[in-house]
Amino acid sequence: MAEGALLDAAMIETIMLTLKLATVTTVVLLLVGTPLAWWLARSRGLWKDVVATVVALPIVLPPTVLGFYLLIAMGPDSPLTALLGRKLSFTFEGLVVGSVVYSLPFVVNPIRNAFEAMGPRPMEVAATLRASPLDAFFTVALPLALPGLFTGAILGFAHTVGEFGVVLMIGGGIPGVTKVLSVTIFDYVETLQWAKAHILAGGMLAMSFVVILAMMLAERRLKKARR
Amino acid sequence: MIEASFRGRLGSFDLDVGFAVPGRGITALFGPSGCGKTTVLRAVAGLMRLPGGQLCVNGAQWQAGRRFVPPHRRAIGYVFQEASLFPHLSVEANLRFGLRRARCAPRIGMDDVVALLGIAPLFDRPAEMLSGGERQRVAIGRALLSQPDLLLMDEPLSALDRFSKDDILPYLERLHAALSIPVLYVSHDIAEVERLADTLVLMQAGRVRAAGPIADLLADPALPLIHLPEPAAVIDGKVIASDPQYGLCDVNVPGGVVVVPGDLGPPGTRCRLRIPASDVSLGRHVPLDTTILNALPARIEGAETTRDHQMTVRLRLGADGEGAALLARVSRKSWDRLGLHQGEQVVARLKAVALAESGPPSGPVPDPAENRRG
């Protein structure tokens with residue numbers, strides 16, 4: 001095939017690793033981010049604002065700062081390492097943890113907005129129809145927040161694919177373990193392999209365009225279906 | 001029996017309400033906007049927790065001291081001001097939401113609700129495609145299917161236009177007649193209350209001003225209802241005979257028999273009459289040559305002067321003055337000219353008797369204007 005000529009084994013390996021990282025990260029983000037978004041949307045008081053600020057930090061922090069602290073937290077001498085019995089830095093699992101922290105605001109914010117836009121009424125209605133809070137969360141709140149969940153998942157996925165600084169700091173570039181697309185492109189450029197850098201960079205540009213366009217179209221359709 | 005007492009802060013004033021009303025029929029919480037009616041209803045539902053509140057509904061203690069049953073464990077149905085159907089579910093799935101989760105064997109089935117509310121044609125439509133009135137009917141059905149022991153309705157008609165209101169009212173009346181579930185009904189519209197309520201809880205600025213049977217409260221000189229621009233009496237009666245040739249019915253009410261236009265159904269049918277005070281005039285004798293059909297003996301209980309030189313006269317029907325309460329609005333001049341006074345036996349002439357409740361909703365909803373006749 002033409003692609004076989006276009007991509008060599010190392011490129012395919014890095015692409016697959018990136019997709020795997022983004023997929024696992026997105027799943028974890030949805031599992032962690034949805035309850036967090038629910039709590040942020042429903043609770044009041046200082047704690048909510050403190051937590052919301054912490055969640056938003058990765059938006060403004062330089063990825064190197066975030067990566068630096070994550071590296072220390074996952075390094076050989078950290079309490080986390082002692083707790084787990086092994087270090088997470090320079091492993092795939094470590095990359096997942098770093099990516100989750102880094103992409104958290106991009107997932108939590110759209111979901112939280114969707115929960116807030118819903119207002120308190122649907123949950124009240126569900127309660128008066130004998131649905132327990134947990135039941136109502138799954139049968140009413142989640143379906144109503146589906147467009148927000150969808151946006152959050154896409155943003156989390158795309159943002160993880162696109163990260164560079166954090167990955168480099170905590171994962172380095174071990175082929176097949178932590179060497180993701182952005183790091184590979186950086187390597188190609190450093191070693192003056194312009195053609196290969198072009199192929200991967202162009203591919204990512206095209207993919208990002210398609211993802212964002214598809215997301216906007218899908219979101220519009222979802223919202224229309226709700227009218 | 002529904003016994004409630006709640007205390008709490010409510011915007012600019014304190015809420016301090018307590019009432020005990022019968023555990024059957026429709027009880028209206030009536031008062032001006034912002035007097036705390038909705039807060040009380042939400043507290044009864046458990047959607048709002050007012051510490052120190054007490055609530056006992058037909059023997060079930062839902063709140064007392066530390067005890068607070070969460071809303072999903074209370075056997076209530078709640079109809080909100082806006083229908084609040086779940087937009088992600090079809091009409092049918094909305095209806096089944098509460099039915100599936102009911103904690104007892106269904107007493108009210110899907111077929112009953114569909115027939116009662118006329119919602120069969122709406123089944124496959126998405127909730128968002130319904131009109132306001134249709135949506136509210138589905139919301140009422142959804143609440144009923146959750147098998148409530150108490151139905152709470154928070155101004156269910158106030159978000160609707162006149163047309164949709166007239167569309168829904170007959171269904172509410174039918175509900176009232178067909179089901180034995182007690183209803184707490186919040187409203188600031190006296191016309192709705194006169195039409196539907198058996199018991200009235202009159203609220204004012206966070207307090208209960210009075211509570212009791214609606215007919216008594218409407219005619220109570222100490223309460224503001226009698227001073228409304230168009231005071232009226234409501235009288236519950238039973239059809240005893242019909243005269244299809246003239247399109248009239250005889251309705252037995254406490255203290256007399258009233259002739260009412262329209263076909264109200266076979267003898268034994270219950271109905272509610274609304275008699276505006278301005279349609280009642282007073283005399284000493286039964287008039288002989290008049291087009292007025294209804295001239296009933298009554299006794300004057302008292303009279304209040306209104307601002308515009310009119311008198312609102314409180315009457316009780318019957319020769320002994322023990323029957324239903326009636327109001328008459330007469331000019332002060334006529335009052336003085338006839339020399340009327342409290343305790344006197346008079347003849348009340350009813351220019352118009354309108355049904356407060358319209359007929360069953362299967363047919364066209366009768367226009368109240370057509371029910372007026374002398």
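## Chain A: contacts and make-up

In chain A, among contacts between residues at least 6 apart in sequence, 75% join residues at least 24 apart. Two residues are in contact if their C-beta atoms, placed from the backbone, lie within 7 Å. The model is predicted: local features need pLDDT of at least 70, side-chain atom pairs count only at pLDDT 80 or more, and totals for chains, interfaces and linings use all residues. Residues are numbered from 1 along each chain as its sequence is written, while chains are lettered from A and ligands numbered from 1 in the order in which they are written.

Chain A has 12 helices and 0 strands. Helices (H or I, at least four residues) and strands (E, at least two) are DSSP runs, numbered from the N terminus. The C-alpha trace of chain A spans about 65 × 45 × 30 Å along its principal axes. Of its 227 residues, 35% count as buried. Buried means that 20 or more other C-beta atoms lie within 10 Å of the residue's own, with C-beta atoms placed from the backbone.

## Annotated spans of chain A

UniProt, in an unreviewed entry, places "domain: ABC transmembrane type-1" at residues 15–217 of chain A. In the model that span is 82% helix and 0% strand. Its end C-alpha atoms lie 26 Å apart. UniProt positions are given in the numbering used here, feature names are shortened, and annotations may be inferred rather than shown by experiment.

The unreviewed UniProt entry also marks "transmembrane region" at residues 21–41, 53–76, 88–108, 136–157, 164–186 and 198–218 of chain A. Residues 21–41 of chain A are 100% helix and 0% strand, with end C-alpha atoms 28 Å apart. Residues 198–218 of chain A are also 100% helix and 0% strand. There the end C-alpha atoms lie 30 Å apart.

## Where the chains touch

In the contact between the chains, 20 residues of chain B meet 15 residues of chain A. On the chain B side, the elements that give two or more residues are β7 (76–79) and α2 (91–101). That side divides into 10 nonpolar, 6 polar and 4 charged residues. Ala, Val, Leu, Ile, Met, Phe, Trp, Tyr, Cys and Pro count as nonpolar, Asp, Glu, Lys and Arg as charged, and the others, Gly among them, as polar.

## Domains and core

Chain B is divided into domain 1 (2–218) and domain 2 (232–371). These bounds come from an automatic or database domain assignment. The C-alpha centres of the two domains of chain B lie 31 Å apart.

The largest nonpolar core has 158 residues. A nonpolar core is a set of buried Ala, Val, Leu, Ile, Met, Phe, Trp, Tyr and Cys residues joined through C-beta atoms within 7 Å. Helix α6 (residues 92–118) of chain A gives the largest share of this core, 12 residues. Domain 1 and domain 2 of chain B both give residues to the core, so it lies between them. B:Ala233, B:Leu273 and B:Leu326 have the most contacts inside the core. Not counting residues up to four places away in sequence, B:Leu326 touches residues including B:Ala233, B:Ile275, B:Val280 and B:Ala348.

Five strands of chain B form an open sheet in the order β14-β13-β12-β15-β21, with antiparallel pairing. β14 (256–261) and β21 (354–355) of chain B stand at the edges, each with a single partner strand, so one side of each is left without a neighbour in the sheet. Two strands pair if DSSP finds at least two bridges between them. Strand β15 (residues 270–276) of chain B is joined to β21(B) by 2 bridges. B:Leu273 has B:Leu355 as its bridge partner in β21(B).

Strand β20 (residues 345–350) of chain B pairs with β16 (residues 280–283) of chain B in the antiparallel sense over 4 bridges. In this pairing, B:Val280 is bridged to B:Leu350. β20(B) also pairs with β17 (residues 294–305) of chain B, antiparallel, over 6 bridges. Here B:Ala295 stands opposite B:Arg349.

## Two hairpins in chain B

β4 (residues 54–57) and β5 (residues 60–64) of chain B pair in the antiparallel sense over 3 bridges. B:Cys56 is bridged to B:Gln61. The hairpin of β4(B) and β5(B) has 2 residues between the strands, and B:Asn58 in the turn has a positive phi of about 45 degrees.

β5(B) also pairs with β6 (residues 67–68) of chain B, antiparallel, over 2 bridges. B:Ala64 and B:Arg67 are bridge partners. This hairpin too has 2 residues between its strands, and B:Gly65 in the turn has a positive phi of about 55 degrees.

Notes: Buried ≥ 20, exposed ≤ 12 C-beta atoms within 10 Å, placed from the backbone.
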